[in-house]
Amino acid sequence: MSIRCFSVLTTALLTSGFLAGCATTRQIAVDYPKTESLPIKPLRGQSMVSGDDYYVQLVSDFDFKGDNALKGGCSDVGGHYENGDLSAALVFSVHNDALKLKREASGFLYQATTGKCNFKLETKKSYLTPWLRLDSSKDTLIEYNFLTSNSHEANLSQLINDVNAASSLFAFTGVGAGMAVMGKLAGNWVESNPQVVAKTPAAGTSGNGKYSSETHSLPASVVLAGDSSSFNQIRLGVYEVVEGGLSAWSSESKLLGELRVYPEIVSSLLLKTSGDLPPDAHDLSLDELWRIPIQTANGEVSLRQLIDQVDPAAKPNLQPDWQNYPDVESQCRRLKLAMKDLGFNKFDRNAVLYYFLSKTSPDWKNFNISAQRAMTDEIRPKLLEQYRAKDFAGCLASEDYAVMKSMKLAVNTEQDWEALTNSRQKKEGVINPIQSAARQFLSALQNPNKDEAARQLYPLLNTEKGGNGTVLLQNHLGNFGLEALLQVPTVADEGVLINAAQLASVFSGLNVETYTCARPAQDQGQPLANIGIMLFVTKPGSPREKGGALEFELVQGKIARLAFQHPSFRDFEQNLADYPDLGGCRIDADLLNKLH
């Protein structure tokens with residue numbers, strides 16, 4: 001072998017530096033890495049990227065740039081190929097100290113003997129990391145080691161075989177096929193299942209062969225910086241260098257391809273969602289989520305089995321006392337932390353937490369009460385406050401509720417509760433003034449002494465025309481002798497203006513047995529803020545047999561108008577059927593039947 005036939009690559013290339021004979025040889029060289037920065041798109045509806053948004057998996061792939069020139073001039077390509085003297089390989093070394101991740105993966109393997117056509121190039125897509133949360137993946141460091149050998153006895157194929165065998169133990173590719181088990185569980189797994197790392201030969205002699213080696217660090221693949229977060233896609237140019245032949249001192253290099261290191265991302269593994277859309281989790285169940293297969297180094301397990309493998313000191317009780325709010329809140333928090341330690345992101349964690357709580361917890365259902373139910377009268381304001389107080393703050397933050405809502409899950413955020421409370425206050429703002437005025441009015445009407453009743457009624461009554469102590473009295477109930485009770489010749493359709501003493505005489509003469517509580521009158525299904533209605537039942541011998549309804553109208557907090565009505569007026573009977581308990585006022589159907 002003559003040293004005159006050896007050629008050195010230009011400084012633009014990382015030379016593979018083989019010693020070869022004067023015959024034509026094909027060698028492989030790797031250029032310095034080139035980095036392309038790609039912005040990480042925020043999830044739709046968000047302004048910036050959080051480290052809890054995505055999972056990322058770093059991948060290497062060979063992007064072939066050559067053509068059939070590899071084969072040009074060869075009539076029997078590969079027909080007589082045998083393991084040759086020349087070999088080259090690129091091996092990635094991956095480290096993430098926080099996750100106790102250390103492994104190697106092959107980039108490519110090249111083997112050749114003397115002669116342009118006698119070579120073999122093996123490339124494959126390699127998963128350099130399992131799926132990791134974005135915030136965990138940013139700490140992943142990658143080095144590449146470019147190795148060359150000119151020894152037939154000690155070529156690099158066995159090294160690559162060892163690396164590939166080790167890589168197969170870490171073939172996590174996604175839920176359904178697998179999910180990265182990182183964090184505390186990963187630490188336990190590493191201790192009981194030491195990761196295989198192929199031993200890279202040192203540069204220099206090894207038996208009869210020689211190795212050359214170059215090691216370089218790649219830029220970080222994930223850069224988290226709020227609204228300027230980015231991925232780094234890295235390209236390593238791979239060249240074929242043909243040397244020797246007729247001109248012993250000449251060499252020719254051509255781009256064979258590029259070895260790319262790039263990220264693949266998904267927003268949810270459990271829900272199998274990729275792209276920049278938040279996952280949709282609205283039509284699932286806890287049992288379905290528990291059965292999702294998770295691929296680990298020890299084989300496939302369900303999500304429920306994976307949770308069961310957590311350290312007993314941190315393991316949640318998945319069957320708490322559902323009637324005991326503090327216990328449920330505590331176990332919710334333990335489940336949340338366990339899933340975070342296992343590497344799940346905010347979408348997968350909160351999907352599981354939502355269905356965990358919604359399956360059996362009454363407090364969870366009450367906190368996430370619908371707006372329609374919150375407005376019903378069996379849910380009084382004080383009870384609504386109690387529902388809101390049990391907000392699972394020991395487990396869930398406002399951000400967790402926002403994530404659940406983004407996945408189309410039925411939860412009440414702080415803003416939802418503010419809207420519920422405001423709506424309820426508006427409703428109570430309609431009911432309370434009506435009921436307050438009615439209580440004072442009934443207290444006066446029920447006084448058996450007419451003079452005292454009149455004195456109580458006086459401050460409650462006011463009309464613009466008559467002033468304090470006056471009210472407009474109307475009769476739409478029928479002819480029951482109102483004129484005789486008032487001692488007036490007629491009561492017109494628009495009513496008659498009377499004073500407190502006259503009003504006391506009317507109700508004394510009606511001989512009322514009982515009054516109901518008051519409710520807001522409704523118009524086209526909407527409660528009226530200034531008009532109330534109640535029923536009254538008369539005793540035998542009353543001028544009005546059985547009884548009727550009494551409507552009153554408030555103006556600036558005083559009663560300005562009273563009207564005797566049939567109980568069906570303003571669809572009052574239907575309102576009683578639709579809302580048996582309105583503002584705490586319940587009118588029994590038996591009492592209504594007495595008026596028919």
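**A cysteine and its surroundings**

Tutor: Cys332 is buried, at a relative accessible area of 0%. Here buried means under 20% relative accessible area, exposed means over 50%, and partly exposed lies in between, with a 1.4 Å probe and protein chains only. This is a predicted model, where local features need pLDDT of at least 70 and side-chain atom pairs count only at pLDDT 80 or more, while totals for chains, interfaces and linings use all residues. Residues are numbered from 1 along each chain as its sequence is written, and side-chain values use heavy atoms, with hydrogens and water left out.

Now the partner. Cys395 is buried too, at 2% relative accessibility. A disulfide connects Cys332 and Cys395, with 2.0 Å from S to S. The test for a disulfide is a pair of cysteine sulfur atoms within 2.5 Å. Such a link is a covalent bond between the sulfur atoms of two cysteines. The torsion about the S-S bond of Cys332 and Cys395 is -60 degrees, and the link is left-handed. Distant parts of the chain are linked here: Cys332 belongs to helix α6 (residues 325-341), and Cys395 to the loop between α10 (381-389) and α11 (398-406), 63 residues apart. Helices (H or I, at least four residues) and strands (E, at least two) are DSSP runs, numbered from the N terminus.

How many disulfides does this rule give? The count is 2. The other one joins Cys517 to Cys585, also with S to S 2.0 Å. At 90 degrees about its S-S bond, the link of Cys517 and Cys585 is right-handed. Cys517 sits in the loop between β23 (512-515) and β24 (519-523) and Cys585 in strand β29 (residues 585-586), so this pair ties together parts 68 residues apart in sequence. Cys517 is partly exposed, at 29% relative accessible area. Cys585 is buried, at 1%.

Turn to the aromatic rings. The whole structure holds 16 aromatic pairs. One of them is Tyr354 with Tyr355, edge-to-face, at 5.0 Å centre to centre and 85 degrees between the planes. Rings of Phe, Tyr and Trp (its six-membered ring) pair if their centres lie within 6.5 Å; planes under 30 degrees apart count as stacked, over 60 as edge-to-face and the rest as tilted. Tyr354 and Tyr355 are both buried. Take Phe441 and Phe507 next: their ring centres are 6.4 Å apart and the planes stand at 90 degrees, so this pair is edge-to-face. Phe441 is part of helix α12 (residues 414-445) and Phe507 of helix α15 (residues 500-510), so the pair ties together parts 66 residues apart in sequence. Both Phe441 and Phe507 are buried.

Ring pairs also build a cluster. Its members are Tyr325, Tyr354, Tyr355, Trp364, Phe367, Phe392, Tyr401 and Trp417.

The charged end of Arg260 lies over the ring of Tyr262, 4.2 Å from the ring centre. The charged end of Arg304 lies over the ring of Trp290, 5.7 Å from the centre. The rule asks for NZ of Lys or CZ of Arg within 6 Å of the ring centre and within 35 degrees of the ring normal.

Next, a strand. In β27 (residues 558-565), 7 of the 8 residues are buried. Strand β21 (residues 470-475) runs parallel to β27, joined by 4 bridges. Two strands pair if DSSP finds at least two bridges between them. Gln474 has Ala563 of β27 as its bridge partner. Strand β26 (residues 547-555) runs antiparallel to β27, with 7 bridges. There, Ala549 stands opposite Gln565 of β27. The hairpin of β26 and β27 has 2 residues between the strands, and Gln556 takes a positive phi near 55 degrees.

One more residue. Ser106 lies in strand β6 (residues 101-112). Ser106 is buried, at 5% relative accessible area. Leaving out residues up to four places away in sequence, Ser106 touches Ser60, Leu90, Phe92, Lys124, Ser126, Ile160, Val163 and Asn164. A contact means heavy atoms within 4.5 Å.

Finally, the whole chain. The protein chain has 17 helices and 29 strands. Of its 596 residues, 48% are buried. Among contacts with a separation of 6 or more, 69% are between residues 24 or more positions apart.
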